Amino acid sequence: MKRIEAFVDSMYLNVDGDKQEIEELKAEMKNHLFESVQELKEGGKTEQQAITIAIQRFGEEKEMRAVIGQLFEIQKIFAKRVLYIAIVCLILTISMGSFLWKIDDSTAQGLSETSTLISKELENKDVMTFSMKRKIETLVEDTNYISEVTIYNSKDIRSVSQNSGDYHWKSQNPDFQYQRTIWAPKWLGVDSSTSGNGNEQWFVLIESRSFDQLQVIVIFMGGAIYWTLFTIWAIINAHHQKRLRIGWIFIFIGLNVLGYLLYYFTGIRSVSSKEHEDLY
């Protein structure tokens with residue numbers, strides 16, 4: 001039977017894969033050959049004849065080695081690609097989310113500066129002149145994110161209660177309004193936001209482009225794709241290592257990387273315990 005063991009070992013000589021899985025496959029292949037040899041011997045063959053016939057039935061050595069090698073290589077490549085795509089997806093999601101957050105942060109700073117300049121232009125003025133309106137239009141045109149500015153005289157819309165002022169502008173005609181078209185495609189998830197600022201003289205509404213909604217879409221979709229791919233990769237690995245249980249699937253789904261680390265270190269501890277038991 002040493003010939004069968006040598007034959008099986010030669011099949012996996014250059015196979016690069018999970019050691020536990022390889023050992024289990026080798027044991028399964030040996031058992032299959034041993035059973036074939038036993039059947040042939042019971043049919044009247046000598047042991048050497050039975051071994052030769054069993055190996056020949058199993059397949060030519062080179063052909064089998066190539067099939068086994070390709071099988072492990074395909075599994076390895078597929079699992080790696082799933083993991084690489086998941087990592088790339090995570091990096092792109094973080095990069096995109098950070099980029100959009102910086103744009104919105106820059107927009108918020110620009111809005112604050114423009115709002116301050118408009119307030120200074122309106123300061124201590126009871127009526128808006130043509131030059132004031134033109135200057136405010138210029139301030140808006142100097143940005144690429146403000147789509148509309150609307151200004152009301154506070155005396156028409158402001159009510160005071162408990163030392164605070166409320167502005168009721170929705171049913172009033174503004175003293176000044178300037179609109180323009182800016183790049184903000186709805187199909188891309190780009191939205192608009194409106195901010196209001198007022199005092200006892202004027203109330204100013206500014207509508208600007210916002211990437212808040214797009215950020216949510218990018219983070220949710222990118223995160224979901226990454227999470228799913230990483231979970232698939234973890235399940236594939238656990239399956240190859242013959243340790244896949246329904247509990248691990250739920251842990252991978254719920255905890256992702258933390259779940260896989262738990263799985264990984266649990267495996268190391270199990271191997272160490274088994275080695276310790278084997279020693280004694």
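**Reading a helix pair**

Author: Helix 2 and helix 3 are oblique to each other. Please keep in mind that this is a predicted model.

Reader: Which quantities describe two packed helices?

Author: Two packed helices are described by the angle between their axes and by the distance between those axes. Here, helix 2 (residues 19-42) and helix 3 (residues 47-58) pack at about 130°, and their axes lie 8 Å apart. An angle over 145 degrees would count as roughly antiparallel and one of 65 to 115 as roughly perpendicular, so the pair is classed as oblique. The crossing of helix 2 past helix 3 is right-handed.

Reader: Which residues make the contact?

Author: Helix 2 contributes Met29, His32, Leu33, Ser36, Val37, Leu40 and Lys41, while helix 3 contributes Glu47, Ala50, Ile51, Ile53, Ala54, Ile55, Arg57 and Phe58. Of the residues in this contact, 10 are nonpolar, two are polar and three are charged.

Reader: Let us turn to the backbone. Which phi does Asn124 have?

Author: Asn124 has a positive phi of about 60°, although it is not a glycine. Asn124 sits in the loop between helix 4 (61-122) and helix 5 (130-141). Asn256 also is not a glycine, and its phi is positive, at about 55°. Asn256 lies in the loop between helix 8 (246-255) and helix 9 (257-279).

Reader: Is Asn124 buried or exposed, and is Asn256 buried or exposed?

Author: Asn124 has 63% relative accessibility and therefore counts as exposed. Asn256 has 2% and therefore counts as buried.

How values were computed
Residues numbered from 1 in each chain as written. Predicted model: local features only at pLDDT ≥ 70, side-chain atom pairs only at ≥ 80, totals over all residues. Heavy atoms only, no water. Axes fitted to C-alpha atoms, helices over the stretch in contact; angles between N-to-C directions. Helix = DSSP H or I, 4+ residues; strand = E, 2+ residues; numbered from the N terminus. Parallel < 35°, antiparallel > 145°, perpendicular 65-115°, else oblique. Left-handed = near helix turned anticlockwise from the far one by under 90°. Contact = heavy atoms within 4.5 Å. Nonpolar A, V, L, I, M, F, W, Y, C, P; charged D, E, K, R; others polar. Buried < 20%, exposed > 50% of the residue type's maximum accessible area, 1.4 Å probe, protein only.
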